[in-house]
Protein chains: 4
Amino acid sequence: MEAFVLRDAVKPGRVSQVGATETAEAVVSARKPYKLVSRDFHPDDSVIQVGPVAFGGDKVIVMSGPCAVESREQLMMTAEFMQRVGVPVMRGGAYKPRTSPYSFQGMRLDGLKMLAEARERYGVLIVTEAVDHESLANVAEWADIVQIGARNMQNFELLKAVGQCGRPVLLKRGMAATIDEWLLAAEYIAAHGNLNIILCERGIRTYETKTRNTLDISAVPVVKQLSHLPVVIDPSHAAGQWQWVLPLARAGVAAGADGLIIETHPNPAEALSDGPQSLNFRHMEELMEEVGRVARAVGRTL
Amino acid sequence: MEAFVLRDAVKPGRVSQVGATETAEAVVSARKPYKLVSRDFHPDDSVIQVGPVAFGGDKVIVMSGPCAVESREQLMMTAEFMQRVGVPVMRGGAYKPRTSPYSFQGMRLDGLKMLAEARERYGVLIVTEAVDHESLANVAEWADIVQIGARNMQNFELLKAVGQCGRPVLLKRGMAATIDEWLLAAEYIAAHGNLNIILCERGIRTYETKTRNTLDISAVPVVKQLSHLPVVIDPSHAAGQWQWVLPLARAGVAAGADGLIIETHPNPAEALSDGPQSLNFRHMEELMEEVGRVARAVGRTL
Amino acid sequence: MEAFVLRDAVKPGRVSQVGATETAEAVVSARKPYKLVSRDFHPDDSVIQVGPVAFGGDKVIVMSGPCAVESREQLMMTAEFMQRVGVPVMRGGAYKPRTSPYSFQGMRLDGLKMLAEARERYGVLIVTEAVDHESLANVAEWADIVQIGARNMQNFELLKAVGQCGRPVLLKRGMAATIDEWLLAAEYIAAHGNLNIILCERGIRTYETKTRNTLDISAVPVVKQLSHLPVVIDPSHAAGQWQWVLPLARAGVAAGADGLIIETHPNPAEALSDGPQSLNFRHMEELMEEVGRVARAVGRTL
Amino acid sequence: MEAFVLRDAVKPGRVSQVGATETAEAVVSARKPYKLVSRDFHPDDSVIQVGPVAFGGDKVIVMSGPCAVESREQLMMTAEFMQRVGVPVMRGGAYKPRTSPYSFQGMRLDGLKMLAEARERYGVLIVTEAVDHESLANVAEWADIVQIGARNMQNFELLKAVGQCGRPVLLKRGMAATIDEWLLAAEYIAAHGNLNIILCERGIRTYETKTRNTLDISAVPVVKQLSHLPVVIDPSHAAGQWQWVLPLARAGVAAGADGLIIETHPNPAEALSDGPQSLNFRHMEELMEEVGRVARAVGRTL
């Protein structure tokens, strides 16, 4: 009954001022199963402020970096590059949820510390994934944004904990989640105290096999209509092939996405995971230029 | 080798003389099941010339109009609008493949004649659907571009006839067709003599129910890599709701589409079919402006 | 207006007595888009009588034979086998809708004549596919049951003609058709005069790649609830691998299917199409025994 | 490195004797990404013994009970019924992963204790779901079989813990998981020490909306070919409507499933969750009879 009171620990930007649970409950409409994340409840766009970076405002926010943290050298090269080309947030997995138990499972706490070091040296913010209560505590301590991956989108016990972790969260859509289920997953986080939620469309599972997933580009305008939360897209996991990442990134921004998350690697051919879908630095630089032009065409900047 | 970039007036059957079938068959690679439509066979982009309009060149070609031809008045108002805002091709269904036998099935030959009259008066080219041999003969006589709808994408006997119809064809992707099956459907048309094929992505069937179909935006760069044929997108049938058509149209052009096909209606609330996904004239005008800006951002024009 | 009066030529078993079109129209409920094929309209099961064979009664009807008619010898061997093991209906494609224009397209009229000869010699009824108006006329002349394949389930012009062809029809579900769309396709046939419709579930397209299609076994009880028409299943096209055909056939009958259609070949390794999913004669004989046991367990016979 | 040595705590029936990890690794084939759960590694069927009950042997094992533990009275009535009709395993959720944060989340530890009491009084074994490390510890203490639900099938940190929990596990297939991903999830559990795994097909997500999910009946023979583990089916979550549960249960057993898990409720209309898909006691009794007949037809017993 009292489960979804907004907790004090959370300071969710512009949204934080929204009222008590009773109000929230009153708002629930017959048609929409979610309330705190619904646009009915908060008609204006939410802007999620993370240090100097604002998700959901005029700027399109680019996040980029390797699938996994593999070594100190790889990471520092990448962070230096991100700083140079103006990418404000670096991604990099320390805890890796892998389909096979025999695949590289991540550098875990060591990886997190390297990410923090990269932030220190190159001024990039850090987004990285948490996969259970323990890793969540560590990620919340060392990183700026907690990522919840597609496979954990309906790991409700983890979502409840994320509601109380005190950090903004990047919530990826499950690979077969409906938009309603995705917004309800966000509602779990919100109901447990955290409204600093950035939604991430990363492709859904369909019968088509040419691409790794099917980027559901329509999710951008649909979610924008239903919810006040910012939405970013992940064209790398959608495409599965680096050649298609650039056009999909342009499309995402043209559709109204508030940001992008792109896999890059200093040497994709040697990546321990997701090499085929990772851009090298030269292609990432091209992406920044081209996406910048599209952003300006739709009245935004990079 | 260059023989089947068929410019200006279409002379179907040129393909048969283009290195006879035996040669064509010899070209088939182990990996790609299609050949005439494959980029391996024709490395440059094909440009399909229809009167003054060129699909696959620098210009993004917009096609627009009602789902169905409903009346002379509706059609002339629409054609006049299209001329005024610079839409070069008008759509409008005369033969309507409807899910229910009790739904409006189209004005058929009468509709075709009205479309031809609209072309005469307002200088717009006409694209309209054929659903069997008989309607194909009529469409080829009265219209500029023959449309093959999603439900007939694997109506192979019809595809064979389209190969010999002497008109450019707009081939929609089946609602559960893989990209390979779609290109093989194009290959049917090509193998029977017609390489003036414009591919149209119109959304695929997935589990998501918010949208009518899921626009597979990735199909644009994937098809561009596999084939030399132009690709357009149909955001209206994908979205199913007019509010999402504009962002999807921008996304399509940003992804590299060579054109758009958009449903408009002078009064969507009174449309006999597809009203909810049809733009009114004001929104269509807005679309032309916004899409124009995105087109320029990717080095093209409208 | 007069389009869906039941024609005299048709003698749809128990259904034929149902009244005039006006009644039919009155029956349409807000919730169900179909009427003639709906159980609301005809509460009892329809039994479709084809010569000595009754679909929808106590007997489970097995149809079997090669994917395609390939030669006189292959066909006579098969028909002789079917007679011997008690399979009352033989399948065999004369007109083949193939994904690639370069695949074997069938023996067409010659194939039909061989099928008719096999019927003459071995007393098996013939079911074979029609793909357009011309082949429909031939199939209606030479065969006992007209098959409409998955790819033509929404070829509405063909469905209208099937409504007037004077033969019972086996209507396969489209590979991404909803149950409602499938029943509406049947409604097209019914509304144009033919209620002798046998529905066939043959697997739908999903993301799973181990099987060729996903047999939607639930469709059997769902359709039985919504419609009075008999339903059979095609485990061969669903599975795509002969090893899985037998368990799926047992499952279909246990779920309540009124029949099965199974691909067999005297020598699957040499089949011109669908070899991997074809049973050889020994496995088909095993199937008849095992399916017979399951049929009896659910109160039916083979 | 040593992570996937088989632990002593585990007593995996016939499988337990299989050797060291090095052997396991040697067995990995290029084509199959899993090894411990693969039939290549263990050609005979595994039989998972849970008290007096053996999964994977001649008997088809039925598990049944309410979606959620709601009250002591509901549970004791159900357990008494299960004992009376010969259902050896009772299900009942104490920890409920619910799509909405505002839905009933389960009685948690109190629910577990009631389940244990029911076992004590009526001699039924208990299967119930764990959703994180904490609930897993409790479930492993109070229940006989740990269930991992569809939404947690790729919660890899939980799977690792299940590998060390010392209890047999019922692993449900994720709602969009491929068969390979499902077997790899099982491999996680096996590699962390637990080979007592019962796989459960519960329907996959497709575009069809009549049913809640599409029961992938083919998964039974496919998994049986690829793996030595027993497979059961859950027709209740697949169908979403109780009327279709019985035919799907018969189909599952006919296809070769080693067991069934069925939702029942003393009064489905008042169930706190999944009422529409729950059988009442009378229908469950009918199911036992009908499924028994099909089991005997395929050479098994209930």
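In strand S9 (residues 231–233) of chain D, Ile233(D) is the bridge partner of Glu201(D), and S9(D) pairs with S8(D) in the parallel sense over three bridges, where pairing requires that DSSP finds at least two bridges between two strands. The model is predicted, with local features needing pLDDT of at least 70 and side-chain atom pairs counting only at pLDDT 80 or more, while totals for chains, interfaces and linings use all residues. Residues are numbered from 1 along each chain as its sequence is written, and side-chain values use heavy atoms, with hydrogens and water left out.

Helices (H or I, at least four residues) and strands (E, at least two) are DSSP runs, numbered from the N terminus.

| Partner strand | Sense | Bridges to S8(D) |
|---|---|---|
| S7(D), residues 169–172 | parallel | four |
| S9(D), residues 231–233 | parallel | three |

Between chain A and chain B, the contact (heavy atoms within 4.5 Å) takes 37 residues from each of chain A and chain B. There are four salt bridges between these chains (a side-chain nitrogen of Lys or Arg within 4 Å of a carboxyl oxygen of Asp or Glu), including one from Asp180(A) to Lys210(B), whose closest N and O atoms are 3.1 Å apart.

Technical notes. Chains are lettered from A and ligands numbered from 1 in the order in which they are written.
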